[in-house]
Amino acid sequence: MTTASLTLDGKTYELPVIRGTENEVAVDITRLRAQSGAITMDPGFNSTGACESAITFIDGDLGILRYRGYPIEELAERSDFVETCWLLLNGELPNAEQLKAFRAQLTYHSMIHEDMKKFFEGFPPSAHPMAILSAMVSSLSTYYPNSEEESTEVNIVRLIAKVRTIAAYAYKKSIGQPTIYPRNELSYCANFLNMMFAVPAEEYKINPVLVKALNMLLILHADHEQNCSTSTVRMVASSRANIFASISAGISALWGPLHGGANQAVLEMLQVIHEDGGDYKKFVMKAKEKDSGFRLMGFGHRVYKNFDPRATILRKMSYDVLQEMGIDDPLLEIACNLEKVALEDDYFVSRKLYPNVDFYSGILYRAMGIPTNMFTVMFAIGRLPGWLAHFKELRDDDSSRIYRPRQVYTGATQRSYIPMSERK
Ligand code: CMC
């Protein structure tokens, strides 16, 4: 099949068909409007491809997620976050020399300009760290204003290196503690934990179990093909806005509770159930009542209609980490019970609603001592290499055009201006 036919008002149009390497099929409607005057309608983009991309493959029915062809399960088990960043950005796993150089670059660029620290003083203590993160990432463009002339590569490294420093500073600011500078001898994840939890007066021991868990969490978040935040990054980048502005927009898109903000919402929900006496069945009932406006946070996904492979990995990891750290978290038990009840309930089964990545990530972050309002920031740190790979893919494609959707207008038809004296 190389073309598809569309008949409209008695006229038939032949539309080219595109096939991906995993046999995904798309009807190319780029020229439909020019040929027929009609556009297609797909609010929420359920059946709309915005681009061709060679970064990540998802099969939602089979629960498959692969970065550059490598299964997420193998990467989570055998790779680390920095190596996965390289893979996403460059398409191949790095050799030893490339990886060493990349790690060295991330260390070299890990500090933020000393003047930028003053920005943190301007935010109120109650400021949400996602607001601080997106503002800080956007303001990096004031320090590296010639980002378009400079190599995109160095700005990519700057962003990956600095994002964890900015995130940790935002946290320190929120609890009124002095900031901790990055330490060159530490790995990417160990450095982040140290900046978050070390205090100048005390020795802070970095727990290797937490470093491993953090690496895995960040890998699981690292990319997810087109989605609200990634497509936002591509949308903004398509106007040729600079890399910092594009990523800052992605951070804002991620913040919402239907997207990356769900991990915070899940934990808050589990907490509410716990404080309410732990009757999780009551909350399952409530989620089924449309009028309640309540949803089981961490359940459901636009693409995964079988299981979310990331949730499966995280579920197991939650048990392992909590056990190794000797933590008995009642919220984990509530989460497991909630999952069990929902997976047997016809409402959830018939709608194919399964736990997603955010259902268990909050339990893990909590075990690491990361406060609830930082959960979405953790997601942003993890998703950054994906956003950057998409930014790069779009900019490297000479044929890419500005993203500019169409609409069907449903407002008033033409009418004459009414003078104030005649208005009701
Ligand atoms: N609890 C109860 N009912 C739900 C839920 C839920 N979590 N999710 C979907 N439904 C129902 C929804 O009411 C609708 O029912 P009906 O067909 O009777 O009207 C049906 O399932 C389909 O839902 P939808 O809202 O049309 O599906 P969507 O593809 O537009 O939304 C979603 C996907 C993830 C936004 C949604 O499932 C949701 O709100 N989940 C809770 C928030 C959440 O966990 N988000 C994190 C997503 S994973 C991380 C990421 O990639 O961002």
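Tyr417 is exposed, with a relative accessible area of 69%, where exposed denotes a value over 50%, buried one under 20% and partly exposed anything in between, computed with a 1.4 Å probe and with protein chains only as cover. The place of Tyr417 is in the segment after helix 18 (375–396); helices (H or I, at least four residues) and strands (E, at least two) are taken as DSSP runs and numbered from the N terminus. The side chain of Tyr417 makes a polar contact of 2.9 Å with the side chain of Arg423, a polar contact being a pair of N or O atoms within 3.5 Å, of which, within protein, one must be able to donate a hydrogen and the other to accept it, while residues adjacent in sequence count only if both atoms are side-chain atoms. The model described here is predicted, so that local features need pLDDT of at least 70 and side-chain atom pairs count only at pLDDT 80 or more, whereas totals for chains, interfaces and linings use all residues. Residues are numbered from 1 along each chain as its sequence is written, and side-chain values use heavy atoms, with hydrogens and water left out.

Two residues other than glycine have a positive phi. Phe45, with a phi of about 55 degrees, is found in the loop between helix 1 (32–36) and strand 4 (56–59) and is exposed, at a relative accessible area of 57%. Glu225, whose phi is near 40 degrees, has its place in the loop between helix 9 (208–221) and helix 10, and at 22% relative accessibility Glu225 counts as partly exposed. Helix 10 (residues 228–238) also holds Ser229, which counts as buried at 0% relative accessibility and whose side chain is joined to that of Asn227 by a polar contact of 3.0 Å.

Cys85, in helix 3 (residues 81–90), counts as buried at 0% relative accessibility; Cys85 and Pro200 are 115 residues apart in sequence and 31 Å apart in space, C-alpha to C-alpha. Asp308 lies in the loop between helix 13 (280–288) and helix 14 (309–324) and is buried, with a relative accessible area of 2%. Asp308 and Gly60 are 248 residues apart in sequence, yet their C-alpha atoms are 7.8 Å apart in space.

A search of the whole structure finds 13 aromatic pairs, for which rings of Phe, Tyr and Trp (its six-membered ring) must have their centres within 6.5 Å, with planes under 30 degrees apart counted as stacked, over 60 as edge-to-face and the rest as tilted. One of these pairs is formed by Phe120 and Tyr169, which are edge-to-face at 5.8 Å centre to centre and 65 degrees between the planes. Because Phe120 lies in helix 5 (residues 116–122) and Tyr169 in helix 7 (residues 152–175), the pair ties together parts that are 49 residues apart in sequence. Phe120 is buried, with a relative accessible area of 5%, and Tyr169 is likewise buried, with a value of 1%. The rings of Phe359 and Tyr360 have their centres 5.1 Å apart and their planes at 85 degrees, so this pair is edge-to-face; both residues are buried. Phe359 and Tyr360 belong, with Phe299, Tyr347 and Phe348, to one aromatic cluster.

Charged side chains also meet aromatic rings, a charge being said to sit over a ring if NZ of Lys or CZ of Arg is within 6 Å of the ring centre and within 35 degrees of the ring normal. The charged end of Lys286 sits over the ring of Phe294, 4.9 Å from its centre, and that of Arg351 sits over the ring of Tyr347, 3.9 Å from the centre.

Arg351 is also found at the ligand, where an oxygen atom of the ligand is 3.0 Å from an N or O atom in the Arg351 side chain. An oxygen atom of the ligand is 2.5 Å from an N or O atom in the side chain of Lys290, and a ligand nitrogen atom is 3.1 Å from a polar backbone atom of Leu258. Taken alone the ligand exposes 940 Å², of which the protein buries 76%, the areas coming from the Shrake-Rupley method with a 1.4 Å probe. The ligand is surrounded by 20 residues, the closest being His259, Lys290, Arg295, Leu296 and Arg302, where a residue is near if one of its heavy atoms lies within 4 Å.
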